[in-house]
Amino acid sequence: MAEEKHRYGGGAGVRNGIVAVEPKPRKGLSSKVIDLVEKMVVKLMHGYHTSLPQHYFLSGTFTPVSDETPPTTNLLLKGHLPDCLNGEFVRVGPNPKFTPVAGYHWFDGDGMVHGLRIKDGKATYVSRYVRTSRLKQEEYFGGAKFMKIGDLKGLFGLFTASMQMLRAKLNVLDVSYGTGTGNTALVYHHGKLLALQEIDKPYALQVLEDGDLQTLGMLDYDNRLTHSFTAHPKVDPFTGEMFTFGYSFTPPYITYRVISKDGFMHDPVPITISDPIMMHDFAITENYAIFMDLALYYRPMEMVKENKLVFKFDATKKARFGVLPRYAKDELQIRWFELPSCFIFHNANAREEEDEVILITCRLENLDMDILNGIVKDELKSLSTELYEMRFNMKTGLASQKKLSASVVEFPRVNESFIGRRQRYVYGTILDSIAKVTGIIKFDLNTEPESGKTKLEVGGNVLGIYDLGPGRFGSEAIFVPRVPGITSEEDDGYLIFFVHDENTGKSSVNVLDAKTMSADPVAVVEIPHRVPPGFHALFVTEEQLQEQGKP
């Protein structure tokens with residue numbers, strides 16, 4: 001085990017394409033003066049940070065866990081863990097190690113990975129921080145130092161940004177390794193498990209034999225990656241390639257990349273759009289990549305004038321979708337399509353059908369990012385997201401869309417053996433308020449939705465709903481096929497996800513039969529510690545675990 005833990009360790013430099021992250025922050029007079037000025041301004045403009053425990057995303061179920069958990073065995077198991085679940089189920093999310101200085105947004109928080117190592121019917125639980133440059137430096141100072149999205153509101157946002165720039169200029173903070181948290185999503189490609197946040201480069205993790213998680217460093221593809229990297233790249237199950245992009249607040253606002261099966265990142269393809277935006281996801285088909293120019297703009301001037309967050313949604317703007325041949329060397333062949341204004345956090349999948357490119361997605365009519373800022377009010381409204389089908393006709397240039405569900409459906413997942421190809425089933429989460437997942441839902445795209453539905457219930461294209469029950473809240477459900485590939489039935493497999501029971505204070509990992517959506521779980525593994533809600537999950541197979549680190 002010791003030899004395995006040090007396979008990538010030791011010293012600066014690059015090993016197996018992974019850069020050792022060794023920031024060099026500085027304490028001293030400059031640091032103390034900036035801290036003092038910041039403290040005075042926070043007190044004047046933002047109020048005392050003692051109000052933060054009432055923050056929605058820092059209290060109750062969302063309260064950060066204070067410690068990491070080393071591999072813990074002898075977990076209570078009800079039911080059985082099928083052989084196809086041999087591997088490690090991992091889920092990442094925000095878990096701030098230090099109390100925020102002022103503001104906080106759900107998208108802030110240090111990345112913590114919760115893992116369940118499954119082997120031969122037994123389970124081991126572990127939780128570890130993604131050891132980012134940001135986290136290492138805040139540990140060095142013993143407190144929060146980096147700017148947060150939740151700070152970027154009004155005149156205070158301008159001050160916060162200035163403080164970060166000043167700390168970087170005076171070498172108090174070392175921003176040479178980026179400022180990301182690795183808190184959003186996970187992907188496995190070319191023998192590497194990557195923790196992702198869209199403002200930064202990927203962090204490479206290793207899963208050890210006992211299930212433990214180790215941060216190896218930052219992946220920059222031999223210095224070919226010089227921009228940010230989306231939290232939602234797509235791995236083509238047929239070719240083994242990974243397709244990705246990054247967005248920026250300076251031109252080019254979007255940059256597209258293709259990464260070969262053997263881990264080589266091809267040349268950048270800049271995508272021209274009019275303004276800097278937040279583009280959280282995209283999609284691929286067998287022959288195309290689909291980009292989303294949606295009207296969630298980066299607006300620092302409006303932030304100050306209107307006392308709003310720096311990201312502002314403009315409902316008067318059309319939604320634009322760009323379809324580009326996925327091996328294009330430039331953007332000349334991109335085709336743009338327009339649909340009514342909307343925002344999209346997550347796509348389920350995309351495919352081609354005769355002259356059309358078809359996107360299955362979770363569409364949001366309007367978006368107020370302040371909702372996700374988490375200041376407790378009398379009522380926290382949910383994001384009214386619905387499942388949609390969007391069609392882009394490459395011959396006529398016309399676009400159309402069709403609603404497939406009532407709200408609220410988010411975190412859509414499919415059998416990933418069908419990424420970029422025609423697939424029948426979509427598995428989503430049902431939300432009753434911000435980030436509170438009350439159930440898991442299964443859609444059949446071959447069946448028409450029942451018209452006039454105002455709530456999610458079985459019937460029409462809804463094949464099943466797993467209701468978690470009062471006071472029990474889940475997370476994104478990952479489909480694990482019983483037999484890998486496309487030769488078996490598409491829904492022959494299991495859904496695996498974390499659950500927290502507010503009634504008992506206990507957390508667990510649940511396993512459902514994806515085909516039947518039975519109310520009786522196949523397995524429930526009790527976790528010895530509370531697991532707060534998080535973002536995205538991944539199942540790493542036993543085969544993938546064994547090939548980690550191989551050239």
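Q: Is Tyr221 buried or exposed?
A: In this predicted model, Tyr221 is buried, with a relative accessible area of 7%. That value falls under the 20% cut-off, so Tyr221 counts as buried.

Q: Where does Tyr221 lie?
A: Tyr221 is in the loop that runs between strand E11 (213–219) and strand E12 (234–235).

Q: And what is its phi?
A: Phi of Tyr221 is near 55 degrees, which is a positive value in a residue other than glycine.

Q: What about Asp120, what sort of phi does that one have?
A: Asp120 has a positive phi of about 55 degrees, although Asp120 is not a glycine. Its place is the loop between strand E6 (111–119) and strand E7 (122–129).

Q: Buried or exposed, for Asp120?
A: Asp120 is exposed: its relative accessible area is 61%. The cut-off for exposed is over 50%, so Asp120 qualifies.

Q: Switching to omega now. What is the peptide bond from Pro251 to Pro252 like?
A: The bond from Pro251 to Pro252 is cis, and omega there is near -5 degrees. Pro252 sits in the loop between strand E13 (242–247) and strand E14 (254–259).

Q: Which kind of peptide bond joins Ser407 and Val408?
A: A cis one joins Ser407 and Val408, with omega at about 10 degrees. As for the setting, Val408 belongs to the loop between strand E25 (399–403) and strand E26 (409–413).

Q: Let's go inside. How many residues does the largest nonpolar core have?
A: The largest nonpolar core has 78 residues. Those with the most contacts inside this core are Tyr256, Phe282, Phe291, Phe321, Leu367 and Phe392.

Q: Which strand gives the most to this core?
A: Strand E23 (residues 356–364) does, with 6 residues.

Q: What is Tyr256 in contact with?
A: Leaving aside neighbours within four places in sequence, the contacts of Tyr256 include Phe243, Phe245, Val269, Ile271, Phe282, Phe291 and Leu324. Asp267 and Arg326 are also among them.

Q: How many residues are in the other core?
A: The other core, which lies apart from the largest one, has 23 residues. Among them are Ile478, Ala523, Val525 and Val531.

Q: How does the radius of gyration look against a compact globule?
A: The two agree: a compact globule of 551 residues would have a radius of gyration near 24 Å, and the protein chain has 23 Å. Along its principal axes, the C-alpha trace spans about 65 × 55 × 50 Å.

Q: What share of the residues count as buried?
A: Of the 551 residues, 59% count as buried. The accessible surface of the protein chain is about 22,800 Å², with 52% of that belonging to carbon and sulfur atoms.

Q: Last one: what share of the contacts comes from residues 24 or more positions apart?
A: Among contacts with a separation of 6 or more, residues 24 or more positions apart account for 63%.

Methods. Residues are numbered from 1 along each chain as its sequence is written. This is a predicted model: local features need pLDDT of at least 70, side-chain atom pairs count only at pLDDT 80 or more; totals for chains, interfaces and linings use all residues. Side-chain values use heavy atoms; hydrogens and water are left out. Helices (H or I, at least four residues) and strands (E, at least two) are DSSP runs, numbered from the N terminus. Buried means under 20% relative accessible area, exposed over 50%, partly exposed in between (1.4 Å probe, protein chains only). A nonpolar core is a set of buried Ala, Val, Leu, Ile, Met, Phe, Trp, Tyr and Cys residues joined through side-chain atoms within 4.5 Å. Contact means heavy atoms within 4.5 Å. The radius of gyration is taken over C-alpha atoms; the globule rule is 2.2 Å times the number of residues to the power 0.38. Accessible areas come from the Shrake-Rupley method with a 1.4 Å probe; for residues, only the protein chains shown count as cover.
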